[in-house]
Amino acid sequence: MIAALRRHGRLWLRTASMSMQAQLTYRLGSLGFLIGKAIRMGFFFAFVAAVFDHVQTVAGYSLLETALFFLTFNIVDMTAQIFFRGVYNARRIVNEGDFDFYLIQPVSPLLRMVCSNVDALDVITLLPVLVMTGVVLHRLPPLGWERGLAYGALTANAVALIFAIHVAVAALTVRTQELENAIWIYRDVMFMGRFPVDVYATPVRWALTFGIPIAVMTTFPAKAFLGLLSPAWTAYAFAVTGVALAAALAFWRSSVARYTSSSS
Amino acid sequence: MRKYLTAYSIALQETLQRRSTLLMDRLGGFAIVLSLYSFWNVLLGDKTSFLGYTRPEMLTYVLIINVLRSFVFTGRGWLLVGEISSGRISSYLVRPLNYHGYALALDLAQKTVHVASAFLEIGVLVLAARGGVFVPRDPAAWALFALAAAMASLIFFFMEFAVSTLAFWTSESGGPLFCFELFLQFAAGAFFPLDVLPESLRRLLAATPFPYMVYFPARVLLQKVSPPEAMRLLAAEAGWLALAAAVAIGAWSRGLRSYAAEGG
């Protein structure tokens, strides 16, 4: 078990290093993507800050609290982009026959499919987000280490939940060889996580909590830090992730078992 | 002209045939408009106005963003980059057609479907809207809006075309295009009215063509611009359109001179 983990760890480091080198080779392209990502974040910050020049609170949250929601969204989203970027190539990997090679290698095809393409640009943009989150957490009134722990645990839980979604999309691609845009549904709906789910009308809020649990991924960690998440909702967040992971992995195994190769 | 109408007709059928892609595209747009709508709805709360916009005006601005995003920002930039980089562009160059006209016909087909969908989506939100929406009664406002939006769409077409033709000189033009599209959307007011931004930043943006893409047409529809002022701004927009077209056509001609195709 430990030997397998080490082997996969080495493999991940090697493939991550290769994809980072590939990105660094394309300097102009990478610079454009990097500046684009910085612009997106900068403009949203400017927007939120400018709105708070005119109001005291939004949905009952102060500027610092709203910033915490927005930063938490970015941490979770960027972490997923860094580690699970491979899914965006899933259809090409299946259709061009690369998946056949993954299956005969002595490593997990799931790891190869989902995690072997690391987006170095998101590593660069994540660093200032982490620094800003530290500043915001520091500026909020002292709330105790338990809340910090809950924030960390729920943020990790959110990344695990996103991993489950990516596994499900990869499984869907292996099974159907289609649905190239399935991951974009997740990306698009994730936009809604930039704001705390409290801004949405009740039916939308429920859909974002129980349907596509964007709330669990983006709102719950910040709410836990602010002391606004009950133990029952905390337990729900972990339960949802547990169920989603189990279901996604079962779906993946079933899809791989039915796979009959789609390319020569 | 007939061949461009045929291209339009085929592209229209193709767009409608790819229903899952269309649905996912629209879902993404709807998620954005629903998020912004909910955000402004909560922000306005019991206030009668915010930044000079009454509640119905602000909500209408958000809804009209959905239509303008579909009409203005639906483009073929990424396809053009792919066609130039892969050499597929050669097959168009030997045909008896003007590539700009052909691209515009395909672009219009996409816009037709997306704008129709956008109206359907905002219809749903209007039905659910609390506080109503602003409907201009002056036919001149509708006419000026249509003219401003049509020119905005053409400005975007030529600007995106110009940036995409970078692919004639570098295989890394995807990065600049990504950066350009993101910056454009924020600077155009496609996420929030530019009135939110600080005065200095607003003045800076006013000296660029970007606010003419969404912010200006939306304000015309909301009758926030007097008719003489609207005419002056429309003239400025026409100037930007002429400049964008000249740059795009010039870049295309120079690019073609440096383009070399090999193989069959």
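Student: Where do I start? How many other C-beta atoms lie within 10 Å of A:Ala59?

Tutor: Start with a count of neighbours. A:Ala59 has 19 other C-beta atoms within 10 Å, so it is partly exposed. The cut-off for buried is 20 or more. Keep in mind that this model is predicted.

Student: Where does A:Ala59 lie?

Tutor: Look between α2 and α3 of chain A; A:Ala59 sits in that loop. Check its backbone too. Its phi is positive, about 55°, although A:Ala59 is not a glycine.

Student: Which loop of chain B holds B:Gln223, and what is near 55° there?

Tutor: B:Gln223 is in the loop between α10 (215–221) and α11 (227–258) of chain B. The angle is phi: B:Gln223 has a positive value near 55°, and this residue is not glycine either. B:Gln223 counts as partly exposed, because it has 18 C-beta neighbours inside 10 Å.

Student: Now a charged residue. Why does A:Arg85 count as buried?

Tutor: Count again. A:Arg85 has 20 C-beta neighbours inside 10 Å, so it counts as buried. A:Arg85 is in the loop between α3 and α4 (90–95) of chain A.

Student: Which residues does A:Arg85 touch, not counting those up to four places away in sequence?

Tutor: They are A:Asn117, A:Val118 and A:Asp119. Distance along the chain is another matter. A:Arg85 and A:Trp252 are 167 residues apart in sequence, and their C-alpha atoms are 17 Å apart in space.

Student: Show me such a pair in chain B. How far apart are B:Phe134 and B:Met58 in sequence and in space?

Tutor: They are 76 residues apart in sequence and 8.6 Å apart in space, C-alpha to C-alpha. B:Phe134 lies in the loop between α6 (99–128) and α7 (139–164) of chain B. Leave aside neighbours within four places in sequence, and B:Phe134 is in contact with B:Pro56, B:Glu57, B:Thr60 and B:Leu222. With 18 C-beta neighbours inside 10 Å, B:Phe134 counts as partly exposed.

Student: Which residues of α2(A) are buried?

Tutor: First the general idea. An α-helix has 3.6 residues a turn, so residues three or four places apart point the same way. Now the case. The buried residues in α2(A) are A:Gly29, A:Ser30, A:Gly32, A:Phe33, A:Gly36, A:Lys37 and A:Val48.

Student: What covers the buried residues of α2(A)?

Tutor: The cover includes α1 (2–25), α3 (63–83) and α7 (120–139) of chain A. It also includes α8 (174–187) of chain B.

Student: And which residues of α12(A) are buried?

Tutor: Find A:Ala237, A:Val240, A:Thr241, A:Ala244, A:Ala248 and A:Trp252. Their cover includes α6 (109–115), α8 and α11 of chain A.

Student: How do I describe two packed helices?

Tutor: Use the angle between their axes and the distance between the axes. Take α8 (residues 145–176) and α12 (residues 231–258) of chain A: they pack at about 25°, with axes 8 Å apart. The helices α8(A) and α12(A) are therefore roughly parallel to each other. Their crossing is left-handed. The contact residues of this pair divide into 20 nonpolar, 4 polar and 2 charged.

Student: At what angle do α3(A) and α11(A) pack?

Tutor: The angle is about 130°, and the axes are 8 Å apart; α11(A) covers residues 214–225. That makes α3(A) oblique to α11(A). The crossing is right-handed.

Student: Which residues of α3(A) meet α11(A)?

Tutor: A:Leu68, A:Phe69, A:Thr72, A:Phe73 and A:Val76 do. On the α11(A) side are A:Met217, A:Thr218, A:Thr219, A:Pro221, A:Ala222 and A:Phe225. The residues of this contact divide into 8 nonpolar, 3 polar and no charged.

Student: Last, the two chains. How many residues does the contact take from chain B and from chain A?

Tutor: It takes 30 residues from chain B and 33 residues from chain A. On the side of chain B, α2 (19–44) and α8 each supply at least two residues. Of these, α2(B) gives the most, with 13 residues. By class, that side of chain B has 21 nonpolar, 8 polar and 1 charged residues.

Methods: Residues numbered from 1 in each chain as written. Chains lettered and ligands numbered in written order. Predicted model: local features only at pLDDT ≥ 70, side-chain atom pairs only at ≥ 80, totals over all residues. Buried ≥ 20, exposed ≤ 12 C-beta atoms within 10 Å, placed from the backbone. Helix = DSSP H or I, 4+ residues; strand = E, 2+ residues; numbered from the N terminus. Contact = placed C-beta atoms within 7 Å. Axes fitted to C-alpha atoms, helices over the stretch in contact; angles between N-to-C directions. Parallel < 35°, antiparallel > 145°, perpendicular 65-115°, else oblique. Left-handed = near helix turned anticlockwise from the far one by under 90°. Nonpolar A, V, L, I, M, F, W, Y, C, P; charged D, E, K, R; others polar.
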